[in-house]
Amino acid sequence: MRALIVEDEPLLNEELKEQLLDEKFIVDTTETFQQARSLVEAEEYDLVLLDLGLPDGNGLDLLKIIKKNYEDTVVVILTARGEVEDKVKGLELGSDDYLAKPFAMAELRARIHAVLRRRFKINENEISIDKLLLNLNHMAVSYANKALDVTETEYKILRYLMLNKNKTITRIALSEHIWGSKVDDRFSLDFINSHMKNLRKKLSEAGAKTLIETVYGVGYKLESNEA
Amino acid sequence: MKLNNKILLGNLILSVVIFLLTAIGMYFLVIDTVYDELDNHLLQHKMDIIEQVQGEPESLKEIQKLGGLGSYEWVDISIYEGRAKESTNYYSTLDTTRSADDETLETYRRLASVITVDGNEYSIEIYEEVAAWQNISRTILLSVLAGLLIWILMLYMVNQIVFEKILTPFYKTVDTLESILNPTDFNEQFPESTTFEINVLNEALNTMMGQIRTSFEDQKKFIQNASHELLTPLSIIRQKAEKILSNSDQLDRQTVETANEIQQTAVRLSRLSNALLNISRVENKQFVLNEQVDIRAVTTEALDELQDFFSLKNISLEKEFCAELLVLGNKELIHSAIYNILQNAVKFSPEKSKITITITTGAGQNKIVVADEGPGIPEELKKSLFDRFKKGNRHINELGQDNGNGLGLSLVKSICKLHGFSYKAENKNGAGAEVTLIF
């Protein structure tokens, strides 16, 4: 799949590129509006990561051009302008998702997976690791064909870890994913622990003992041996 | 009082005062003139008689007879018995009757004098009725005053029309100023006028409005740029730290922990700058306040978002929601105010305690009250609870943790100020704090 990164900050651009290459995308990058415009007019991309605050133009205009030429291109807006109007405008113009800076890479990865699956109507909207099966569309989790009764928060944690398998997920990224960035970080971190305790208990009762690994002092990791 | 009414009233009062003074002055002047004229008339009469009797002394008898016949004007001549200088004239005004039959007194002017005819001295008294003269003088007086009165009334009406016309641009300016709710939404220009002062006023207003708009725009741009310029580098720091952490297997524990701290600090810093920028945006009135916000729905929504924390802390919730409460404002902001208050309540509530949320309606009593059973508001914080970066040190120690950046309630404060809501926080009698928003 082809991806374009439009981001004027070189370090961030490079970082995003590395992430997408990891996800097996073929990646083009640009730092300017003009160059981005000629790229999106010429090529069809499956995914565009779009920064709104470009030095030589408004990212929203670029979004219009992309959606006009290739309706199926998935556009995820990245912006540091945390204004709701921008978000609403972007979604109205057809962007598929919206991430406010600074975001966790894990969050971006999860969003990209979800959006691409939705966009390309992948039939099996389920992801599995070992015998653990999770439906991305609705709250359904099973282990070895036995349904697990999880709470909404536990489902969100599990889905997030599965979409980011083999990656360490920090507790702060997890907290942001579940409660958004409004909630006080230090306050919410303890709650992650209790949720995780409950989730692990349920998993181990179902027979999946060591699926979620604790990275001490940092966060969690869901290991898959299947590669 | 409106300016043109004030001017008109001033004119009217001045006119009436002048009118009254003129009336009194005219009255005395006319009376004086009438009596002067009467006296002249009487004197002339006397001179005529003297001239007549000096030419023909024998005609005195006839004058006596004829002079006594008149009713408005008559002459009494009799032998003079006293001693007086011939030339002395005595004028006087007296009320008397012409004949014994008359019952009503009339006012007469009398000239009493002494004349000498053929060496004999006669006293002569010439009478003339004043009434006829007074009629004339009254007519003159009234017609002059009536003219003056009409003049004043016309002046008043003309003034009104002229003022109305001259002051219209001024009133337009005043009305426009009155209608401005937010200087940034105002894009009109105050028009030019043919009146110098109004021109000066309108030009000054145009310049000032322009300045307000520009500085507002500048500030808005600054806030946007600042957030962009701050958050993008923070984003990089965060992602670099995250990258280190994602390969935690190959790293020693100290490196991992340090990277984690870097990441957490970057996150906290970005939230802090977001919170500050949010407050600036609210204080700069960069939000539209025209939505009908259902307070119950917004509260329920915020409770849903915080549901996890309620259940994990085993906090029971008591809701007393009245009938529908709609408030005009910005939904996102009101949500965020209520969310912050609720989050604070959860934060300071001990395990297994209770939080009571009450929404009531009524005149001046549209409010939401959030009461918890936590430690309450410490004494040293009571006054500054809603100010920026204020948090209770004692609190942090008691709970063994820092509780956020201290900007939550400050955001609540600026949201309330923007909407014109009032807010208060107090300690309940038993235990716990109680925060109230009055819409």
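## Where the two chains meet

Let's start with the contact between the chains: 32 residues of chain A and 38 residues of chain B take part in it. Keep in mind that this is a predicted model.

H8(A) gives the largest share, five residues.

## A closer look at A:Ser181

A:Ser181 sits in the loop between H7 and H8 of chain A. Leaving out residues up to four places away in sequence, A:Ser181 touches A:Glu176 and B:Arg271.

A:Phe103 is 78 residues away from A:Ser181 in sequence, yet their C-alpha atoms are 9.6 Å apart in space.

## A four-stranded sheet in chain A

Chain A also has an open sheet of four strands, in the order S8-S9-S10-S11, with antiparallel pairing. Strand S8 (126–129) and strand S11 (146–148) of chain A are at the edges with a single partner strand each, so one side of each has no neighbour in the sheet. On average, neighbouring strands here are turned by 25° against each other, direction ignored.

Zoom in on strand S10 (residues 140–143) of chain A: three bridges join it to S11(A), and the two run antiparallel. A:Ser142 has A:Ala147 in S11(A) as its bridge partner.

Helix H6 (residues 152–163) of chain A lies across S8, strand S9 (132–135) and S10 of chain A, at about 110° to S9(A).

Methods
Residues are numbered from 1 along each chain as its sequence is written. Chains are lettered from A and ligands numbered from 1 in the order in which they are written. This is a predicted model: local features need pLDDT of at least 70, side-chain atom pairs count only at pLDDT 80 or more; totals for chains, interfaces and linings use all residues. Two residues are in contact if their C-beta atoms, placed from the backbone, lie within 7 Å. Two strands pair if DSSP finds at least two bridges between them. Axes are lines fitted to C-alpha atoms, for helices over the stretch in contact, and angles run from 0 to 180 degrees between N-to-C directions.
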